[in-house]
Amino acid sequence: MEFRLSDTQRALVGSVRELAQGRFRQRGLRWMDGTFPWENIRELASLGVLGMSVPEEYGGMGLAVFETALVLEEIAKVCYPTAMAVLGEAGVQTRVIAKYAPESIRSRILPQVCSGDCILSICMTEPHAGTDVANYRTNAVVKGDRVVVNGVKTLISRAEEAGMFVVFTRIDGKPGREGIGCVLVERGTPGLEVTGTYHTMGGENLHEVQFRDMEVPLENLVLREDGFRRLLTAFNTQRCLNPAISLGLAEGAFDETLRYVRDRTIFGKPIGDFQGARWKLADMYKDIEAARGLLYRACMTADPFPDPFLAATAKVFCNEMAIRVTNEAVQLHGGFGFTDEYPVSRLYRGARYGSLGGGASETLRDLIGKKLMAEDPGPDGILARGYF
Ligand SMILES: Cc1cc2nc3c(=O)[nH]c(=O)nc-3n(C[C@H](O)[C@H](O)[C@H](O)COP(=O)(O)OP(=O)(O)OC[C@H]3O[C@@H](n4cnc5c(N)ncnc54)[C@H](O)[C@@H]3O)c2cc1C
């Protein structure tokens, strides 16, 4: 086993780190009122980072899952809204377009994703159905060479900025999970409307998006049925990338805290010299290292197909670890940790997202438990899986 980054990986991480620590860290507060971090996004585009999931023939970097995770981790150390915006360009939506869209759409949209000129939005959640995807009500009806879509999506990221919406919808009223396909919708399509805004504790705004007799060309219907099963690889990849943000948030909060408890003196000595504080630091550190080990293993084995079991395990652990670590970071900053003066309050708020989206912890625990129940440990035991 090799626990070392290659020279290329080190160079990629180094350039993103320089940008993030040098510029994004200072700007962190600017995006907490829902303002989209355009400035950061443009700078990341110039490094090529927005095209991490875009194949090279369309101007992207076509990076492996592990490298994409490393980049997200660096950005999340200082800025949750920027990391989420980059995940939007590196996640399921880009993979849907790269794999299933017709060439006419791919060759036009993917270069714009790389340059930051086309932000992508993924529309899955509905007012009455988030986890319960089999109950989506949005429906797309095929009429000749057109597709007519009606329905409402909610809690949608980047709907105000998106140039293209990747919409999961029932096709021709087919019931159940298998009846869900996927339609691409360009901004400005008549019948598409962004109707409501929710401001979140993480800083970014989420929106309600409505489709009222909205028509798109038939070529925009990229998946006719069974979209979730056919996109399993993309969703499992997302389960490796979402926790990379959690890991970064925890690492950022840890670094901030280490600086703080060394500098701030109480009762005549630095906070970090009290045993109670040192034990907290040690627990935070071991939590982060354990999470990193799990996540890197899931990511390094994720191409071409992530192991759903490893990805889910890493996601649950990293998401919950980030909540624990950022919480202790705020605690060790005392009252100042609760103010906007110190980044830990922002990192703490961002950390709360991970376990809610991209497969909630409850759903993933169910998946992990079911798989364990279905496996025969055999003479080697289940935990030897994949090592020997
Ligand atoms: C910051 C942020 C960004 C988001 N961006 C997007 C986006 O861009 N596009 C989009 O489509 N959606 C987005 N969402 C929505 C997100 O995907 C949903 O919130 C998520 O899928 C959960 O759905 P829900 O909120 O309807 O919760 P529900 O499905 O109502 O679940 C509520 C609770 O029940 C739990 N639960 C579910 N199933 C089980 C079970 N079997 N056993 C026990 N407990 C269970 C869940 O884990 C959760 O804790 C975003 C959400 C947030 C917070």
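In which helix is F235 found? F235 belongs to helix α8, which spans residues 232-263, where helices (H or I, at least four residues) and strands (E, at least two) are DSSP runs numbered from the N terminus. This is a predicted model, in which local features need pLDDT of at least 70 and side-chain atom pairs count only at pLDDT 80 or more, whereas totals for chains, interfaces and linings use all residues. Residues are numbered from 1 along each chain as its sequence is written, and side-chain values use heavy atoms, with hydrogens and water left out.

F235 has a relative accessibility of 15% and therefore counts as buried; buried means under 20% relative accessible area, exposed over 50%, and partly exposed in between, with a 1.4 Å probe and protein chains only. Between the C-alpha atoms of F235 and F317, which lie 82 residues apart along the chain, the separation is 17 Å. A second pair of this kind involves V194, a residue of strand β6 (residues 192-199).

The ligand sits in the largest pocket. A pocket is found on a 1 Å grid over the protein atoms alone, as an open set of points with protein on both sides within 12 Å along at least five of seven lines, and a molecule sits in a pocket if more than half of its atoms lie within 2 Å of its grid points. Two or more residues of the shell around the ligand come from each of the elements β1 (119-123), β3 (146-157) and α12 (361-374), and β3 gives the most, with 3 residues. In total, 17 residues surround the ligand, the closest being I122, M124, T125, T131 and E362; a residue is included if one of its heavy atoms lies within 4 Å of the molecule.

Some of the distances to individual atoms can be followed residue by residue. One nitrogen atom of the ligand is 2.8 Å from a polar backbone atom of I122, and a ligand nitrogen is also 2.8 Å from an N or O atom in the side chain of S157. An oxygen atom of the ligand lies 3.4 Å from a polar backbone atom of G130. Of the 970 Å² of accessible area that the ligand has on its own, the protein covers 63%, with areas from the Shrake-Rupley method and a 1.4 Å probe.

Strand β3 also contains L155, which has a positive phi of about 60° although it is not a glycine; L155 is partly exposed, with 44% relative accessible area. F267 likewise has a positive phi, near 50°, in a residue other than glycine. F267 is found in the loop between β9 (265-266) and β10 (269-270), and at 79% relative accessible area F267 is exposed. Another backbone feature is the cis peptide bond that joins D303 and P304, with omega about 0°; P304 lies in the loop between α9 (275-300) and α10 (308-332).

C318 is in no disulfide either, as the nearest cysteine sulfur, that of C299, is 8.4 Å away. C114 is buried at 10% relative accessible area, and C318 is buried at 0%.

Conventions. Disulfide = S-S within 2.5 Å. Polar contact = N/O pair within 3.5 Å; in protein donor to acceptor, adjacent residues only side chain to side chain. 1 Å grid on protein atoms, 1.4 Å probe; cavity = no way out; pocket = protein on both sides within 12 Å on 5 of 7 lines; lining within 4 Å.
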